[in-house]
Amino acid sequence: MPILEVKNIETVYYDRLYVLKGVSLEINQGEIRVVLGPNGAGKTTLAKSISGLIKDQPRKGDIIFEGRSIARKEAEKISSMGLVLVPEDRGVFPELTVEENLKLSGWTKKDTWVFDLFPNLYQKLQEISNHLSGGEQQMLAIARAIIKKPKLLILDEPSLGLSPKLTNELFKTLKRLNEELKTTMLIVEQNARVSVEICHYGYVMENGKMVFEGKADDLKDNELIKELYLGGSVKKTEKGWKLYKTRRRW
Amino acid sequence: MDYLISGLQVGLIYVLLSFGIFLIYRTTRILNFAHGDIATLGTFIALTLHQKTENLLISVVVGAFCSGVVSMLFYRFIIYEGERRGVNPLGLTIITIAFAYILQSFEIVIWGAEPKDFPSLAYGRFFIFPAQFVVILLVSLFLMLGMYFITMKTNFGIQIRAISQNREASATLGISVKKVVSFVWFIASFIGAIAGSLIAPLYFVDQFFLFDPFVKSFIGAVVGGLDNPFGVVIGSIIVGLAENIFGGYISIKFKTAFVFFIALVFLLIKPEGLLGREIKERV
């Protein structure tokens, strides 16, 4: 049975702006799944809708986590059930020290295992989080989330604002997390190159709908995804102008 | 020297009141205009209890506790529900004004409109200082150090500071924003009502007696920087001292106007307050 099932959800802003138009997905225990899509596709809204951060949304559909409906529940209750979101802006508390940020998740001095995964944080425990680099802040946000030993970790654009080198390091760490701690992850990303490498299964979202889904290898082999996300080439079709229009839109 | 002491005395009361304003503002972004009236309610309860029990200390603590509970319920059932339904901070601030008027009417019905005497916790002098001043100084220091310890050294304090910086991220970590902020309102009004009972012997107690100290403590918070606790403390003491020294040496008629003049000058020169953060917008 999947740990998370999102069933045909609709999220609407201001009673008229349909951002998610019947989105469905599921994720099994121990998997990494990725949702790819361009800006404005609705990826962040999807992550927030699942995590309970949008009041009274999703308006339609259901979200089942470990067999229980969590649709429209409060974010803190969903987090307490073991579904933890690392938000797009990382959600690091800028005026708190690294140690205080970790303590919010229940970290104690005995939890040294977290520094095996994020050694930089140990050196900077007493530093104000606002003084950390973007990469370190992302590491802190993820460390803080995994201290809660989540049953499902949702990461919203973890590579946002990071250099290619840092992004590679971050995704290697996520892979380690999945392999060593068996952390189930749903990654919402634009950076297909790194996310497709570590995921088991993926979805592509556009204009609030899922337009493609498949195993990691299917994603890598899909010509359109290669062209639009992985920088590969696409053979010219008879209707080349259609491809051009798609590129412009994405 | 007398003006210095009286200035420091009211400055410390302003600190206690403005600290509550600061706590509520930081966690909810609302200016609680009912803060003084909730504290007044606690003072009235303390007065009634003292008349019945003749134990002033316990009466003051119980009165402050009642203020805290009223404040917590007000947050939980009115402000929180308003937030949940999408009322913006300005709308919620107006709700606090409405609540202030409701409380005033309630106090008139229960305790009447005529001003009442409130006993002092201490009489006479302690060395060269008035005993009441020493009590205010010690209680203020105790409460401020207690608050410093709670907010800086406990997990609950870290949660309060986290919520004041990013509510959404706090919720994703499983922190119960509703519970933590409810307790913040309790603490703010508990301290406010203690301040009310400390300053009450200097005034006659009626339903408006904390209006003037509330406005001045609000000015103190703005002068010091509404988002910095140390700024709030310093700003409130500056206002208390400036008001009394100006009133003593220059003109008692214009001492309140002088406080507003200080606020005006600070808002023009340093809008973010003495220790407040400068707000910069990206263009």
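K182(A) sits in the loop between α7 (164-180) and β8 (185-189) of chain A. Helices here are DSSP runs of H or I with at least four residues, strands are runs of E with at least two, and both are numbered from the N terminus. The phi of K182(A) is near 60°, a positive value in a residue other than glycine. Most residues other than glycine have a negative phi, and most peptide bonds are trans. At 57% relative accessibility, K182(A) counts as exposed. Exposed means over 50% relative accessible area, buried means under 20%, and partly exposed is in between, using a 1.4 Å probe and protein chains only.

This is a predicted model, in which local features need pLDDT of at least 70, side-chain atom pairs count only at pLDDT 80 or more, and totals for chains, interfaces and linings use all residues. Residues are numbered from 1 along each chain as its sequence is written, chains are lettered from A and ligands numbered from 1 in the order in which they are written, and side-chain values use heavy atoms, with hydrogens and water left out.

Chain A holds another such phi. Y14(A) has a positive phi near 55° and is a residue other than glycine. Its place is the loop between β1 (4-13) and β2 of chain A. Y14(A) is exposed, at 66% relative accessibility.

Next comes strand β2 (residues 17-27) of chain A, which contains Y18(A). Y18(A) is partly exposed, with 38% relative accessibility. Leaving out residues up to four places away in sequence, Y18(A) touches E10(A), T11(A), V12(A) and R59(A). Contact means heavy atoms within 4.5 Å. Y18(A) and K60(A) are 42 residues apart in sequence, yet their C-alpha atoms are 11 Å apart in space.

Now look at the peptide bond between Q57(A) and P58(A). This bond is cis, with omega about 0°. P58(A) belongs to the loop between α1 (43-51) and β4 (60-65) of chain A.

What of the cysteines? C199(A) is buried, with a relative accessible area of 7%. C66(B) is partly exposed, at 25%. A disulfide is a covalent bond between the sulfur atoms of two cysteines. The rule used here asks for a pair of cysteine sulfur atoms within 2.5 Å. By this rule, there are zero disulfides over all chains.

Turn to chain B and its helices. Helix α1(B) has 27 residues, which at 1.5 Å a residue should span 39 Å; its end C-alpha atoms are 39 Å apart, which agrees. The expected span is 1.5 Å times one less than the number of residues. Of the 27 residues of α1(B), 21 are buried. R29(B) follows α1(B) and has a positive phi near 60°.

T40(B) is in helix α2 of chain B. T40(B) is buried, with a relative accessible area of 1%. Beyond its neighbours within four places in sequence, T40(B) is in contact with E107(B), D206(B), Q207(B), F209(B) and L210(B). After α2(B) comes E54(B), whose phi is positive, near 65°.

Helix α5 (residues 131-153) of chain B contains S140(B). S140(B) is buried at 2% relative accessibility. Its contacts, not counting residues up to four places away in sequence, are L12(B) and L16(B).

Two helices of chain B cross. Two packed helices are described by the angle between their axes and the distance between the axes. The axes of α6 (residues 155-165) and α8 (residues 177-199) of chain B come within 10 Å and cross at roughly 100°. Axes are lines fitted to C-alpha atoms, for helices over the stretch in contact, with angles from 0 to 180 degrees between N-to-C directions. From α6(B), the contact uses F156(B), Q159(B), I160(B) and I163(B); from α8(B), V177(B), V180(B), V181(B), F183(B) and V184(B).

Last comes helix α9 (residues 211-224) of chain B. Its 14 residues should span 20 Å, and its end C-alpha atoms are 20 Å apart, which agrees. α9(B) is mostly covered, with 11 of its 14 residues buried. The buried residues of α9(B) pack against α1 (2-28), α2, α8, α10 (229-249) and α11 (255-269) of chain B. Just after α9(B), G225(B) takes a positive phi of about 120°.
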